[in-house]
Amino acid sequence: MQILMLLTNAFDPDPRVYQEAKVLIEKGYKVSILCWDRDPKAPFQENIDGIYVERIYVKSTHGRGSTQIIFLLLFWIKALIKALSKKIDITYCHDFDTLPLGYTISRLKKTKLVYDAHESYVDMLANNVSPLIKKIISVAENYLLKKVDLTITVGDILKESLIKKGALQVMVVGNWKQLTDFQFSAKVLEEEKTKLGIPKDALVVSYIAHLNPERKIEPLLRSIENEEDVFLVVGGRGPIEKIVRNSAQKHKNIIFLGFVHPLKVPFYVALSDVVYYGFDKNNPNAQYSAPNKLFEALAAGKAIITGDFGEIGHIVKKYNCGLILKDYSIEEIKKAINILKNKNYLIEIQNNSLKIAEKKYNWQIAKENLIKAIDKLLN
């Protein structure tokens, strides 16, 4: 059985897409990905762990706003032409910006249609596009949801929202992680700490993801800059990369790794004691937030520092696996870090994280649910 996934990034690789594709390949499905490379820098065709990746070059940038629709349409047209020559049993759309394309392919090729809503797309756009464009997207999604054979999403809050919009069959496949991916020997971790200049007894906080202003990284930097017994490891790229880099140059307890390949992220999470995840609570998409950072921390058995929003806030409070910030002030972040300097309390929180990962939020459970749903769809 042939599954065609559609994606509007260059798959370098996208962690969620990679996990789902790998599971389906292990089950015996053939998975190929048509994706949009905006740079373009990655190979035109590539086989990544059995996933056949074909990139479509339409030069653009992220964050263009409403004018992005022109470049998106070009990607859709090129992708449609390529898809029509393929044998496909399931058209598998990642996020709304591939759903109109996927719907067209599914109708022309008479395939089943799967929609994976990584987030609330229209809320994710926030103020980046005009109200008219947002309205059109909202109406289009509500219409297309009723045409989808299976809708997948990241958490229960977003699941309920999609059902209210008219989705017929919805299941949660969380951004949950394979616990074994986060297991490394103490010796290897200590060697890396020594290489990075981190003292043995220092508290290590990490943030490895997009470096965007809404992630509240600047107050995190300020809160740690003068803490001799606390080290911050930051990885990623984005608009505030220069600020992070400058801070790392001035303060030896702030380490900037630059871009970290997704397959290397578990190692640096395992190396840390605490995972930080900030997000602007006023962003409409915050109410649904169930980020990779949360489930990476749980899988590695780490404490979490975050705000009171979305699914992440609900899980941290319910299972006592981290600390909730009242706001993102320097003082509030310092307070949370000082609490976690208490080794006994830190270990208690970390144990809570690992327990809930083993019991509920792990990729083994998610992949079994995904396989059952796809098998049922085809049978």
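Predicted model: local features only at pLDDT ≥ 70, side-chain atom pairs only at ≥ 80, totals over all residues.

Trainee: What's the radius of gyration of the protein, next to a compact globule?

Mentor: It has 21 Å, which agrees with the value near 21 Å for a compact globule of 379 residues. That's over C-alpha atoms, and the globule rule is 2.2 Å times the number of residues to the power 0.38.

Trainee: And how many residues count as buried?

Mentor: 56% of the 379, with buried meaning under 20% relative accessible area (1.4 Å probe, protein chains only).

Trainee: Switching to rings: how many aromatic pairs are there?

Mentor: Twelve, counting Phe, Tyr and Trp (its six-membered ring) with centres within 6.5 Å; planes under 30 degrees apart are stacked, over 60 edge-to-face, the rest tilted. One of them, Trp 176 with Tyr 361, is edge-to-face, at 5.5 Å centre to centre and 75 degrees between the planes.

Trainee: How many residues apart are Trp 176 and Tyr 361?

Mentor: 185, with Trp 176 in the loop between β8 and α7, and Tyr 361 in the loop between α14 and α15. Helices (H or I, at least four residues) and strands (E, at least two) are DSSP runs, numbered from the N terminus.

Trainee: Is Trp 176 buried or exposed?

Mentor: Buried, because its relative accessibility is 9%. Tyr 361 is buried too, at 6%.

Trainee: Which residues form the aromatic cluster?

Mentor: Trp 176, Phe 295, Tyr 319 and Tyr 361.

Terms used
Residues numbered from 1 in each chain as written. Heavy atoms only, no water. Buried < 20%, exposed > 50% of the residue type's maximum accessible area, 1.4 Å probe, protein only.
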